[in-house]
Amino acid sequence: MNLFTVGQKARMRANLLSGGFHNALANSNKCTPPSGGVDTGCNGNINNFPYSNGFENGLGGWTQDNGDSLDWTRQSGRTPSGSTGPTRADQGSFYVYVEAFNPNFNKTAILNSPCLDFANGTTPTATFRYQMTGNAVGTLRLQASTGGAYTTIFTQSGDQGAAWRTANVDLSAYSGNDLQLRLVVNTSTSWQGDIAIDDLKISNASADKCDGIPAYNANNN
Ligand SMILES: [Ca+2]
């Protein structure tokens, strides 16, 4: 039994050979072909989201960088110097911060994320709380890499007041990839410049990537 006419078969064959079917899939709404992933060289493979870290039990999967000039400090309660740093954690009892007191002027402190596997899901985001207060606050950056150079995707500099503030960072440009994030602090030239982070969450909505593919029409050339 022939389900299709000779003309329909010819159009289907031509469409397949021309890549029309693949293009129809690739261009359909919310269906991006898998990238195959990229080896970023980071550690671990986080693919269960949201991935949260409030620093209550250490640094979690985040690690101190080996090539920077200053380490991050895990802290409970206020930082040692007055007129800078938070008085307490924003979430729970612990947070991480970069101490700006001498001899920590003009230094760089980097905290690296584990590998974040965004092969599934469509709308990855990073949210965290930060506190930057004092008359010599340097710069906080969140940077992202899929294996090559890092791109700055969030930056804040100078005194932001005593309150903890929220950062919401869109990572949808990295959907389908393995990603490494890092928090980078550059201290300034004086001591009232502590920069603190807490309640860090990486989310990745798990909607069906291929929702919304239109039914393929063999006659639609
Ligand atoms: Ca905390």
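Me: Why is E56 called partly exposed?
Reply: Its relative accessible area is 24%. Buried means under 20%, exposed means over 50%, and partly exposed is what lies in between (1.4 Å probe, protein chains only), so E56 at 24% is partly exposed. This is a predicted model, in which local features need pLDDT of at least 70 and side-chain atom pairs count only at pLDDT 80 or more, while totals for chains, interfaces and linings use all residues. Residues are numbered from 1 along each chain as its sequence is written, and side-chain values use heavy atoms, with hydrogens and water left out.

Me: What makes E56 a donor of the calcium ion?
Reply: Donors are N, O and S atoms within 2.8 Å of the metal, or 3.2 Å for Na, K and Ca. The protein donors here, among them G54 (O), E56 (OE) and F94 (O), lie 2.2 to 2.9 Å from the calcium ion, so they meet the limit for Ca. Water is not among the atoms, so the site may look incomplete. Along the chain the donors follow the spacing G-x1-E-x34-Q-x2-F-x103-D.

Me: How do you know whether G54 is buried or exposed?
Reply: G54 has a relative accessible area of 14%, so G54 is buried.

Me: Why are C42 and C115 called a disulfide?
Reply: A disulfide is a pair of cysteine sulfur atoms within 2.5 Å. The sulfur atoms of C42 and C115 are 2.0 Å apart, so the pair qualifies. The count by this rule is one disulfide.

Me: What does the pair of C42 and C115 tie together?
Reply: C42 is in the loop between helix 2 (20-27) and strand 1 (51-53), and C115 is in the loop between strand 5 and strand 6 (116-117), so the link joins parts 73 residues apart in sequence. Helices (H or I, at least four residues) and strands (E, at least two) are DSSP runs, numbered from the N terminus. C42 is buried at 12% relative accessibility, and C115 is buried at 7%.

Me: What makes a set of residues a nonpolar core?
Reply: The members are buried Ala, Val, Leu, Ile, Met, Phe, Trp, Tyr and Cys residues joined through side-chain atoms within 4.5 Å. The largest such core has 34 residues, and L181 is one of those that touch the most other members. A second, separate core has five residues, including Y95 and Y97.

Me: Which residues does Y174 touch, not counting residues up to four places away in sequence?
Reply: Contact means heavy atoms within 4.5 Å. Y174 touches F118, A144, T146, T151, I153 and L179. Y174 lies in the loop between strand 10 and strand 11.
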